[in-house]
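Try each one before you read its solution.

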Amino acid sequence: MSLLEVKNLRKSFRISDSLGRTTGQLVAVDDLSFSLEKGEILGLVGESGCGKSTTGKLIMQLLKADSGQVFFAGKELSGLSSRQLRSHRKQVQMIFQDPFSSLNPRMTVGAILSEPFVVHKLAPAAQIRNRVIQLMEKVGLSAEHEQRYPHEFSGGQRQRIGIARALAVEPQLIIADEPVSALDLSVQAQIINLLKKLQQDHNLSYLFIAHDLAVIEHVSDRIAVMYLGRIVELTSAEELYRNPRHPYTEALMNAVPTPDPSHPRPVALKGEIPSPITPPSGCHFHPRCPYADDHCRRSAPNLVELGKDHQVACHHHQQVGKYLIREK
Amino acid sequence: MPSRLSVENLKSYFFTRSGLIKAVDDVSFSIEPGETLALVGESGCGKSMTALSLLRLLPEPGRIVGGEIHLDGKDLLRLPASEMRRIRGNDISMIFQEPMTSLNPVLKIGEQIAEALRLHRVTEPRQALTDAAELLDLVGIADPRRRLRDYPHQLSGGQRQRVMIAIALACDPKLLIADEPTTALDVTIQAQIMDLLLELKQQRQMATLLISHDLGVVAGNADKLAVMYAGQIVEQGKVQQVFTNPLHPYTRGLLNCVPRLGQKQDLPTISGHLPDLIKQPDGCLFIDRCPCPCTQCGNQAPAIEEIEPGHWVRCWRH
């Protein structure tokens with residue numbers, strides 16, 4: 001049994017004008033299915049508007065899906081009462097992009113980190129302080145920081161506080177939504193290493209959401225590539241790097257700037273990202289795709305199994321790879 | 001023949017209530033026509049303050065306290081304020097990370113481009129709009145005549161950045177300062193904007209100062225680079241030189257900690273964090289984070305030194 005299983009999940013938002021009249025519909029997540037095993041890191045990668053953050057919120061049950069199901073440890077989540085939901089959220093925690101806006105500026109770090117213990121009644125009052133200090137040390141903060149406020153910390157330290165808060169309830173799954181994209185390079189590497197170490201020490205599972213393919217590829221065991229609400233390719237990190245089968249994956253790989261002046265410059269994908277309110281017909285990617293033909297304009301490809309654990313949604317997946325640039 | 005832009009021993013200090021902050025400390029570099037110099041470093045290292053110094057637009061309580069800035073031989077620090085105003089937006093233009101905050105949300109983009117044209121060149125309004133449409137076409141916006149009537153919120157992030165570039169190019173600047181021009185954009189759009197900037201630079205022989213924290217973007221787009229740390233340039237050279245033979249431990253650390261496609265091993269990190277800029281130590285500013293400091297590093301600050309032609313480093317133990 002998978003730790004997390006998502007089946008045919010769909011979520012749309014109503015678009016309304018200034019008078020509140022419905023003018024359209026934005027399908028943020030469309031027929032999404034994937035699973036996540038215990039101790040696994042699944043990366044979700046895609047550009048703005050592809051639905052990756054919505055997916056995270058749907059799993060947290062912070063948003064209600066239109067249809068489809070989310071199973072956590074075999075249990076379906078949509079029917080849970082609010083009390084059961086609270087215990088679900090103890091199993092699943094979230095880390096955000098901007099740690100500053102997710103920390104209460106008027107609480108000390110000690111108070112922020114004691115809260116989960118109090119809310120979920122995880123430790124007797126006398127022990128809470130000890131547990132908080134243990135947590136702080138686990139994420140690389142020193143105990144003397146306990147009485148400080150969030151504004152006294154650097155971005156990287158704040159992210160450590162966010163991670164400590166998520167770990168407080170000893171979750172099984174952590175949804176990390178762009179956890180390093182607001183950080184400086186040297187700090188980004190520290191936080192990535194910390195997240196990987198914690199994952200190994202506690203056999204955690206991560207749903208790691210990011211737009212940076214190099215970061216995703218570095219941390220993840222498996223990767224799902226999303227484009228305008230749909231998964232277009234899903235496979236292991238090695239396979240995705242070695243053998244991308246979707247033209248969008250190929251384009252993303254070509255677009256990653258390599259810190260090496262002898263490497264060819266990134267090849268730009270033509271066109272803009274279409275609005276998810278008016279997505280293109282057929283395969284959503286066809287207006288930007290170098291392989292597209294009439295068939296792609298008319299019918300959307302299904303996600304099909306190519307071989308062992310490699311799924312792709314493309315009519316022309318055999319041809320993909322023609323335009324891939326590789327290091328010499 | 002003088003360089004297009006030459007900056008010598010620039011010092012911009014901030015006189016704050018809690019003490020003196022040397023935001024830009026003894027910075028020197030030059031850029032030739034058609035050349036791109038990248039200024040690289042992490043937040044707070046002084047790269048944006050260097051750019052604002054060039055425009056003489058330092059925020060309070062910052063002041064340029066020393067050094068020289070020459071644009072085509074003209075000393076910008078000695079110009080009267082009125083003349084400096086003519087330089088900004090005309091000889092030197094700047095584009096920013098977040099185009100939405102630099103565009104006026106209640107003005108049509110055609111008016112915003114035309115405004116730049118009218119302020120610096122005497123053009124009649126109708127001509128200004130025609131020129132604006134031409135500029136939009138130049139930066140790759142389809143159907144420019146119709147787009148002139150759009151408001152910024154009707155455009156995507158990439159298109160807004162193209163509009164910003166059009167405004168920046170309106171007066172054919174000699175120097176373009178691009179402060180993290182693609183950081184807020186999606187990767188596939190980022191590549192488009194960098195291609196556009198490269199093409200325009202070659203066409204117009206502009207000198208470009210590219211400010212970026214992304215070493216990948218720098219490697220593909222700059223000719224020279226200067227790495228800044230705590231207000232100082234710690235290493236400077238041609239992109240090829242610095243990337244293949246980084247001499248400063250900070251440069252090496254930065255290059256090592258970038259995740260690269262196809263590599264799964266743990267990322268080497270730079271330990272510690274930026275020093276307190278108010279209570280600066282006597283010796284090297286990088287000493288607390290350096291993997292192999294020696295006693296000299298603690299006693300005396302290293303000067304920047306040329307190791308091979310065009311390749312400079314500020315380190316005792318390079």
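**Exercise 1.** Work out how S4(B) and S5(B) pair, and what lies between them.

*Solution.* Start with the pairing: in this predicted model, S4(B) and strand S5 (residues 74–75) of chain B run antiparallel, with two bridges. Next, pick a pair to check: His70(B) faces Asp75(B) in S5(B). Finally, look at the connection: the two strands make a hairpin with two residues between them. Asp72(B), in the turn, has a positive phi of about 50 degrees.

**Exercise 2.** Find how S4(B) is joined to S1(B), then decide whether Ser12(B) is buried or exposed.

*Solution.* First, strand S4 (residues 62–71) of chain B is antiparallel to S1(B), with eight bridges joining them. One bridge pair puts Val7(B) with Ile69(B) in S4(B). Now move along strand S1 (residues 5–16) of chain B to Ser12(B). Its relative accessible area is 0%, and the cut-off for buried is under 20%, so Ser12(B) is buried. Among the residues that Ser12(B) touches are Ile21(B), Val24(B), Leu58(B) and Ile64(B).

**Exercise 3.** Identify the edge strands of the open eight-stranded sheet in chain B.

*Solution.* Write down the order: S6-S7-S8-S3-S9-S10-S12-S11 (chain B), with mixed pairing. Strand S6 (92–95) and strand S11 (305–308) of chain B each have a single partner strand, so one side of each lacks a neighbour in the sheet. The twist from one strand to the next averages 20 degrees. At the S6(B) end, S6(B) pairs with strand S7 (residues 175–179) of chain B in parallel, over four bridges. There, Ile95(B) sits opposite Ala178(B) in S7(B).

Methods
Residues numbered from 1 in each chain as written. Chains lettered and ligands numbered in written order. Predicted model: local features only at pLDDT ≥ 70, side-chain atom pairs only at ≥ 80, totals over all residues. Heavy atoms only, no water. Pairing = 2+ DSSP bridges. Axes fitted to C-alpha atoms, helices over the stretch in contact; angles between N-to-C directions. Buried < 20%, exposed > 50% of the residue type's maximum accessible area, 1.4 Å probe, protein only. Contact = heavy atoms within 4.5 Å. Lists of a residue's contacts leave out its neighbours within four places in sequence.
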